[in-house]
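Let us read one structure together, by question and reply.

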Amino acid sequence: MWAASCLASCCAACACDACRTVVSGISRKSARIAYCGLFALSLIVSWILREVAAPLMEKLPWINHFQHTPNREWFETDAVLRVSLGNFLFFTILAIMMIGVKNQKDPRDNLHHGGWMMKIICWFLLVIFMFFLPNDIISFYETTSKFGSGLFLLVQVVLLLDFVHGWNDKWVGYDEQFWYIALLVVSLVCYVATFVFSGLLFHLFAPSGQDCGLNTFFIIMTLIFASVFAVVALHPGVSGSILPASVISLYCTYLCYSAMASEPRDYECNGLHKHSKAVSTGTLTLGLLTTVLSVVYSAVRAGSSTTLLSPPSSPRAGKPLLPLDRTDEEEKDKAKPVTYSYAFFHIIFSLASMYSAMLLTGWSTSVGESGKLVDVGWPSVWVRIVTGWATAALYIWSLVAPILFPDREF
């Protein structure tokens, strides 16, 4: 008995030492990766609790205070929302604390990059505390999350546009024949992929013999957008390029596919799922993994952008696609300036917390309908479609805005 107690104590001490070693090893360069890992952990916890927490939550009187106990899907959605709220508050508090950090002499710079043991403990306590909140607060957060998710998707679109314009400007800036040929080849490949992909969408989501007018409308609208992009970009009065037009066309086609792939399994026009009724663990795991990777990548890329979101004092800051608040460029700090906005970095993770909660709950409306699938249901369909249309509108605006407002810098 004494030996077993000593062995347990040694194992616990070794585990604590290992945690402290890992946490202390997070350097300035790897801090963003650590935030990425913490965010991914929150998504995994959400999914696990969605699967196992319902029986326990049914026994909590401040949660299950209804005359008639709700179905299991309600508790699954509630568990995901509570973890998401804890994650949202964690990153929002950090964002508020990081407002105004301009150089590395600021003590808050050390807080952003260090103190990981304290931050992990705080995150854990926040998530636990969320399960003691009344249902009204969770319901309010559920409604707010739908708007926050829309903002997260809008940031994704703006960053994509900024990326493709920067990509085009970089290759054109070389002013060599090789790079012009590369631009043409990549553009042609993207357009060929767009039209081939669209043909596949007609085959999968608008089969003959079925009334699939809605899906046909989605695909045709995407093809119209692709054509308009090329016409506007190549117009003599617009200083555009075919590369951004082709990349945005392919991305809009992908969003169209993603939207129709999110249609319910029993929808006769969904060629991906209509022959499959069983939901395997492997399918759920793959869906979760895809969701985690896509949301984490988007959040890190958005929060770490060194062009659109960098502080004006940053030496790596470039010209943003949309105008942000301007500061005095002549003001120079003796300390080394930060390379990106810490506050905005955490805000992006806050919005991503809302977005991931909506994905895991089918936008809080279709968990039961979708058979516990990730990101399936009509709300997911329309969110993807509207995101594609917003992408098209913002891209066209980025082309025509300099003509409509020649005195402003875009």
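**Helix packing and a disulfide**

Q: At what angle do helix H9 and helix H10 pack?

A: Axes are lines fitted to C-alpha atoms, for helices over the stretch in contact, and angles run from 0 to 180 degrees between N-to-C directions; helices are DSSP runs (H or I, at least four residues), numbered from the N terminus. Here helix H9 (residues 213-233) and helix H10 (residues 242-261) pack at about 170°, with their axes 9 Å apart. H9 and H10 are therefore roughly antiparallel, a term for angles over 145 degrees. The model is a predicted one, in which local features need pLDDT of at least 70 and side-chain atom pairs count only at pLDDT 80 or more, while totals for chains, interfaces and linings use all residues. Residues are numbered from 1 along each chain as its sequence is written, and side-chain values use heavy atoms, with hydrogens and water left out.

Q: Which residues make the contact of H9 with H10?

A: Contact means heavy atoms within 4.5 Å; among those involved are Phe218, Ile219 and Phe229 of H9, and Ile248, Cys252 and Met260 of H10.

Q: Which cysteines does the disulfide join?

A: A disulfide is a covalent bond between the sulfur atoms of two cysteines, assigned here when the sulfur atoms lie within 2.5 Å. The structure holds 1 disulfide, joining cysteine 212 to cysteine 269 with an S to S distance of 1.9 Å. Cysteine 212 lies in the loop between helix H8 (177-205) and H9, and cysteine 269 in the loop between H10 and helix H11 (281-303), 57 residues apart. The torsion about their S-S bond is about -95°, so the disulfide is left-handed.

Q: Is cysteine 212 buried or exposed?

A: Cysteine 212 is buried, as is cysteine 269, where buried means under 20% relative accessible area, exposed over 50% and partly exposed in between (1.4 Å probe, protein chains only).

Note on methods. Helix = DSSP H or I, 4+ residues; strand = E, 2+ residues; numbered from the N terminus. Parallel < 35°, antiparallel > 145°, perpendicular 65-115°, else oblique.
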